[in-house]
Amino acid sequence: MNQQIIDAHIHLDLYKTEDREVILHDLDKYSINSLISVSKNYQSSLANLKLYENNNKVKPAIGFHPEQSLPSEEELGDLLQLLENKHDQIVAVGEVGLPYYVKQEKKQLPLKPYMELLEAFIVQAAKLDKPIILHAIYEHTAIVCDLLEKHTIKKAHFHWYKGDKKSIERLARNGYFVSITPDIFYKERTEKLVRQFPIEQLMVETDGPWPFVGIFTSKMTHPKMIHQTMRKIACIKRLNLLETYELLFNNTQAFFNLDSF
Ligand SMILES: [Zn+2]
């Protein structure tokens, strides 16, 4: 297998040690060129920086996942400082965004403090000239797009994106990127997204260790699954498989500036 792939969104630090070792050991075997390893909080950011120190195929991003309680002022200060200090060791700001699922369960949760938190990361991304990796789906898309436009952010990646036709069109028009997970094998809406979105703005990811179902039930989420996703995308876009590999590899490499990293 020599078609190179990049996992554009994985939480490598959240795997069990033995599973992470399997993945890192398998990188060459499955032509996995690099892993964009996003962070959940401050500790997770430190863990991803450490993983990069030990293996430069791991490309860290620093951020605070929105589907949890807000960080303390101290933690946010530490995160913003870490971004400044380590800007030459990270490829992006992320994972950041808005809490969709938590808010589904707790309707009264105020969104405003999360928007302010996100804006602090957006300002930092603009200042450091880094791409931003977003967890922002459905009706949160418009709020996040407004914030990105306010700060003239050009490089935004909406990972595992879910949204209506209008939102999808706005992301495409703004030149933002979306990434496709293995759920394309069992989610009609993911297949539709691939059909609607320009191939020049697509990437592929696993969001591992998040588990998948269907043909992936009870399998550890491994970046090698992307090879299956790639065949599915080629088929939907009616493209030659090699061409699909090349396009998505180049998209991801350019988006995260990996050739100069
Ligand atoms: Zn994630």
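Reader: Which residues lie nearest the centre of the largest pocket?
Author: His 65, His 135, Trp 160, Asp 207 and Trp 210, out of 23 lining residues. A pocket here is an open set of points on a 1 Å grid over the protein atoms alone, where a 1.4 Å probe fits, with protein on both sides within 12 Å along at least five of seven lines; lining residues have an atom within 4 Å of a point. Mind that this is a predicted model: local features need pLDDT of at least 70, side-chain atom pairs count only at pLDDT 80 or more, and totals for chains, interfaces and linings use all residues. Residues are numbered from 1 along each chain as its sequence is written, and side-chain values use heavy atoms, leaving out hydrogens and water.

Reader: How much space lies in that largest pocket?
Author: About 490 Å³, taken as the space filled by probe spheres set on the points, which are joined across faces, edges and corners.

Reader: OK, new topic. Which residues have the most contacts inside the largest nonpolar core?
Author: Phe 121, Ile 132, Leu 134, Leu 148, Phe 158, Leu 202 and Ile 233, in a core of 61 residues. Such a core is a set of buried (under 20% relative accessible area, 1.4 Å probe, protein chains only) Ala, Val, Leu, Ile, Met, Phe, Trp, Tyr and Cys residues joined through side-chain atoms within 4.5 Å.

Reader: And is there another core apart from it, or what lies there?
Author: Another core of 14 residues lies apart from it, including Ile 6 and Phe 255.

Reader: What about Thr 152, buried or exposed?
Author: Thr 152 counts as exposed (over 50%) because its relative accessibility is 58%. Thr 152 lies 8.1 Å from Ala 126, C-alpha to C-alpha, though they are 26 residues apart in sequence.
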